[in-house]
Amino acid sequence: MNSPATTMNIDKTRILDNLNSVVLLFDQNLKLVYMNPAAEVLFAASARHMVGLNAGDMVQCPGGLAERNLRRSLRTGRLFTERELALSLPDNRTATVDCTVIPLSDRDGGLGLLVELQQIDRHLRISKEEHLLQQHQATRDLIRGLAHEIKNPLGGLRGAAQLLERELNDPALGEYTQIIIDEADRLQLLVDKMLGPNRLPQLSLANIHVLLERVRHLVIAEYGERLPIERDYDPSIPDLKLDSGSIIQALLNILQNAARAAGQVENGRIVIRTRILRQFTIGQQRHRLVVQILIEDNGAGIPEQIRERIFYPMVTGSEGGMGLGLSISQSLINLHGGLVECESKPGKTLFSVLLPVENPHVKK
Ligand SMILES: Nc1ncnc2c1ncn2[C@@H]1O[C@H](COP(=O)(O)OP(=O)(O)OP(=O)(O)O)[C@@H](O)[C@H]1O
Ligand SMILES: [Mg+2]
């Protein structure tokens, strides 16, 4: 009897393309000859631009450590592993990685080095995100439940005050019923905002830059040209299947906060960037393509005491703010399988909106 086939006819590079680990291949002169898509994400550059670069020019380690270690491995032909290595990457980014270097020889006897990097801060980031999303969902459910409970008697309260107003003989007393009506209306607005959009999402293909331009113009209309809003859009980003109204609302909440912060400092300005990320994980889900929208301002930064909690409802650091904007943005982006992240220090606040290009949860 024939034994079942034990080989699979898969192109080996496809395996590398789908790995979460960063894989780099250097020749004996320590020039890069190959990098997989996970490496393109880490270095935020395409393989086309990176191939041919020297290892020492790709990452900066104190005292040229990376280059020295690689040369030693080439010389001795020995594998080595370095744990929790702090890498300095382009754009002032850093990453903590476990690094394994494996010397390889090709068929012609030439030497090379296979470098595998496992990003450990990324694992921490993913589990933190997961935790954040769960907590956030629980709080939003609670808030929505509360908002419903408040909303139900409001209509009755308002109607009763109107009836009472008609029955009153003394017009001076109408002032009191009017207060009840006005306050009921104010509560109604608040509760509607707490409940979020109450219509089903309407999905259609949309260009993210068209939506961003809508949002930018809305903010320009509010703040005028005195607040510069620069754009750095990647025109290669494909159209996304999404609910345009929700995404406009989500981005507007973030941009309005940025405009308020930048508007309060001298030479305040905002930059909106778009990028495409490959093989990127959001929560537990890995996506082939993710659109990243970066909104940066040079305002005073998020007050430290609320920095960790800004995505929770009712957390505000600004007078007159309801603290709902970011929590709503997060919910709307989550509905699209995406995520909003933020980092902030005085003089630089950066919001990053991640949206998967193909979202299995969104019906085609
Ligand atoms: N770009 C930013 N720079 C500085 N602080 C910010 C920025 N974005 C948000 N914040 C802080 O986070 C808080 C929460 O923002 P969020 O949009 O959720 O609520 P809000 O703006 O206070 O009220 P609402 O949006 O409901 O009117 C803000 O009050 C502000 O203190
Ligand atoms: Mg806001």
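Which residue stands opposite Leu113 in E5? Pro103 does.

## Ground rules

This is a predicted model: local features need pLDDT of at least 70 and side-chain atom pairs count only at pLDDT 80 or more, while totals for chains, interfaces and linings use all residues. Residues are numbered from 1 along each chain as its sequence is written, and chains are lettered from A and ligands numbered from 1 in the order in which they are written.

## The open sheet

Back to that Pro103–Leu113 pair. E4 (residues 93–105) and E5 (residues 111–119) run antiparallel, joined by nine bridges. Strands here are DSSP runs of E with at least two residues, helices are runs of H or I with at least four, and both are numbered from the N terminus. Two strands count as paired if DSSP finds at least two bridges between them.

E4 and E5 belong to an open, antiparallel sheet of five strands, ordered E2-E1-E5-E4-E3. Strand E2 (32–35) and strand E3 (80–89) sit at the edges with a single partner strand each, so one side of each has no neighbour in the sheet.

## Around E9

Strand E9 (270–282) pairs with E7 (residues 229–232) in the parallel sense, over four bridges, and Ile229 stands opposite Ile270 there. On to E10: 12 bridges join it to E9, and the two run antiparallel. Ile270 turns up again here, opposite Asp297 in E10. E9 and E10 make a hairpin with two residues between them, and Gly283 in the turn has a positive phi of about 60°.

## Two cores

The largest nonpolar core has 34 residues, with Leu251, Leu255, Ala258, Ile295 and Val353 making the most contacts inside it. Elements giving it two or more residues include E9, E10 and helix H9 (244–263), and H9 supplies the largest share, nine residues. A nonpolar core means buried Ala, Val, Leu, Ile, Met, Phe, Trp, Tyr and Cys residues joined through C-beta atoms within 7 Å; buried means 20 or more other C-beta atoms within 10 Å of a residue's own, with C-beta atoms placed from the backbone.

Beyond its neighbours within four places in sequence, Leu255 is in contact (C-beta atoms within 7 Å) with Val215, Val219 and Ile295. Another core lies apart from the largest one and has 20 residues, among them Val59, Ala66, Val101 and Leu117.

## Ligand 1

Ligand 1 is surrounded by 22 residues (C-beta atom within 6 Å of it), the closest being Asn257, Ala261, Gly317, Gly321 and Gly325. H9 and H10 each give two or more residues to this shell, and the largest share, four residues, comes from H9.

Notes
Buried ≥ 20, exposed ≤ 12 C-beta atoms within 10 Å, placed from the backbone. Contact = placed C-beta atoms within 7 Å.
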